[in-house]
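Dear colleague,

I am handing over the structure below, and my notes on what was found in it follow. Please read them with the model open beside you.

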Amino acid sequence: MDNPLLSVRDLRVSFHGAAGIFDAVRGVSFDLGREKLGIVGESGSGKSMTGRAIMRLSPPAAIVRAEAIRLGDIDILGASERTMDAIRGRRIGLIMQDPKYSLNPVVTVGEQIAEAYRIHSHSSTSDARQKATAMLGAVQIRDPERVYRMYPHEMSGGMGQRIMIAMMLVSEPEILIADEATSALDVTVRLEILNLLNDLVAKRGLGLIFISHDLNLVRRFCDRVLIMYRGRVVETLKAGELDQATHPYTRGLLEAMPRIHVPRRRLPVLKRDAAW
Amino acid sequence: MVNDNMTSEPIIEIQNLVVTFGEGADERRAVSGVSFAVHRGETFGLVGESGSGKSTILRAITGLAANEADVMRVAGADVRTRRGKDFYRKVQMVFQDPYEALHPRHTIWRQLMEPARIMNIPDAEARGHAALDSVGLSRALLWRYPHQLSGGQRQRVAIARALMSEPDILLLDEPTSALDVSVQAEILNLLCDLQDERGLTYLMVSHDLGVVAHMCKRTAVMHAGIIVETLDVDALVNGGATQTYTKRLIAASEAYGEDPRDIAQPRAS
């Protein structure tokens, strides 16, 4: 890929515990362009750890090594904490699963968005307020002036997730990492949030890393998909060509999903191979 | 999945069920006037989004949520007022998150023996072993604690515990939504096998249309505390829904759900 936004080479994340060394991520490499890149896998596959490592937000106990994690000219692993502060939120945004745990419960949502903007742009309070209100409008919140003054507990799940997206987009990052960002939402709300993300990627030329356990969702929403199993990328495919997956793990996952229109007496069970 | 004899008397019959939370100004109806019937051996689905009242119905049936109803007959008994031990022998529940449903400091064996003791089950040990066998858990796991098991194993323990009283009805509250798809497939297969072996009746709450389509023959679609419509799952997934809300729910599920090409070219299985 020419001039990727982000380039990851041989990323390894391990934990040293009482039971020995556990390798959560075992040599992951990929480039991210202005695209929707899905990372799919089951629990424990290392998909979230990959996302965290890119922002250098791995747990303190984690040992993170890589040949390179490059954001433009910056080597993320070698960057100072100060540089990272300027990257997190400003150049790479992160949206997590549950807005309940990501928002400050005692500050109005508008002020939280404005604060995110002020910190990164050093603008005045009134500028930040204006920008935050406009951002609320951009994520399709009706009556942004009123919502600006509301607290997180007054939000529904879908609204909370829009607030998170607004907060992440207000400083116009180049990359957005969505870690199971729609998994806790009802299908109708999920649809709205995905359409919103889709528009934003198209309009602003963002690179989106979409981490999810949902194969159907990723194959319909993303451009390209990495399939992770036990810390490794076992297969990389165009999202539309997931049906042509050749790795037995990917095939097993696809087969194991109940299908609405193809009734089957029994679901094929995934047989794991130690060699994967 | 088994032969559901629609002419027989329903094993669960509910008319005009109302569940209210809070008092005075805070009063909120979680379920407002719901009626449905489930036949013996059938898997009946309750589909809807969060807050639609589907889980509350299961809780009302077991008496975990105070309720009023014109009719609430389960396994031949009127259960509007008192539910005796006999009720809990016949009706058991399996919850969404098996880690929360199991006692964190009890061994697997004790999780199984406790309900047996409470319900005065005579041959508890034999049943415990049989229950573990039927959910496919090795006896080597007997003395482990829940945190030492995988998510799928924990859900198997929860199902084994529900089987201890040899129930007629299992109330399944999103039994696989906390599990990975590969583990979900194993648990759904297990539930189908148990139904075939024991003629169990399932009342299954789910938000996942794929799971409902796989498991259920009929389903009720819920929204804001009422049943919008009750229909055959075949009709539901093939455009037979008549209500606007149901159509919207299906459209949203399919927008980023199963690939429509799977519909056009069904693969042999």
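**Helix packing within chain A**

Helix α4(A) passes α7(A) in a right-handed crossing, where a crossing is called right-handed if the near helix is turned clockwise from the far one by less than a right angle, and left-handed if anticlockwise. Before going further, please note that this is a predicted model, in which local features need pLDDT of at least 70 and side-chain atom pairs count only at pLDDT 80 or more, while totals for chains, interfaces and linings use all residues. Residues are numbered from 1 along each chain as its sequence is written, and chains are lettered from A and ligands numbered from 1 in the order in which they are written. Helices (H or I, at least four residues) and strands (E, at least two) are DSSP runs, numbered from the N terminus.

Helix α4 (residues 109–121) and helix α7 (residues 157–169), both of chain A, pack at an angle of about 20° with their axes 8 Å apart; axes here are lines fitted to C-alpha atoms, for helices over the stretch in contact, and angles run from 0 to 180 degrees between N-to-C directions. α4(A) and α7(A) are therefore roughly parallel to each other, a term used for angles under 35 degrees, with those over 145 counted as roughly antiparallel, 65 to 115 as roughly perpendicular and the rest as oblique. On the side of α4(A), V109(A), Q112(A), I113(A) and A116(A) meet I163(A), A166(A) and M167(A) of α7(A), two residues being in contact if their C-beta atoms, placed from the backbone, lie within 7 Å. The residues of this contact comprise six nonpolar, one polar and no charged, with Ala, Val, Leu, Ile, Met, Phe, Trp, Tyr, Cys and Pro taken as nonpolar, Asp, Glu, Lys and Arg as charged, and the others, Gly among them, as polar.

α7(A) also packs with α8(A), their axes coming within 9 Å and crossing at roughly 15°, and the two helices are therefore roughly parallel to each other. The crossing of α7(A) and α8(A) is right-handed. In this contact G157(A), G158(A), Q161(A), R162(A), I165(A) and L169(A) of α7(A) meet V189(A), E192(A), I193(A), L196(A) and L200(A) of α8(A), and by class the residues divide into six nonpolar, three polar and two charged.

**Where chain A meets chain B**

The contact between the chains takes 28 residues from chain A and 30 residues from chain B. On the chain A side, α8 (187–204), α9 (215–221) and α10 (248–256) each supply at least two residues, and α9(A) gives the most, with five residues. That side of chain A has 15 nonpolar, six polar and seven charged residues.

Across the two chains, α10(A) and helix α7 (residues 181–198) of chain B pack at an angle of about 45°, with their axes 8 Å apart, which makes α10(A) oblique to α7(B). α10(A) passes α7(B) in a left-handed crossing. The residues that make this contact are G252(A), L253(A) and A256(A) of α10(A) together with V181(B), S182(B) and A185(B) of α7(B), of which four are nonpolar, two polar and none charged.

**Individual residues and confidence**

L6(A) lies in strand β1 (residues 6–17) of chain A and is buried, with 22 other C-beta atoms within 10 Å; a residue is called buried if 20 or more other C-beta atoms, placed from the backbone, lie within 10 Å of its own, exposed if 12 or fewer, and partly exposed in between. Not counting residues up to four places away in sequence, L6(A) touches L32(A), I54(A), L71(A), I175(A) and G207(A).

R56(A) sits in the loop between α1 (47–54) and β4 (62–65) of chain A and, with 17 C-beta neighbours inside 10 Å, counts as partly exposed. D143(A) lies in the loop between α5 (125–138) and α6 (144–148) of chain A and, with 10 such neighbours inside 10 Å, counts as exposed.

As for confidence, the mean pLDDT of chain A is 92, and 100% of its residues reach 70 or more, pLDDT being the predictor's confidence in each residue, from 0 to 100.

With best wishes
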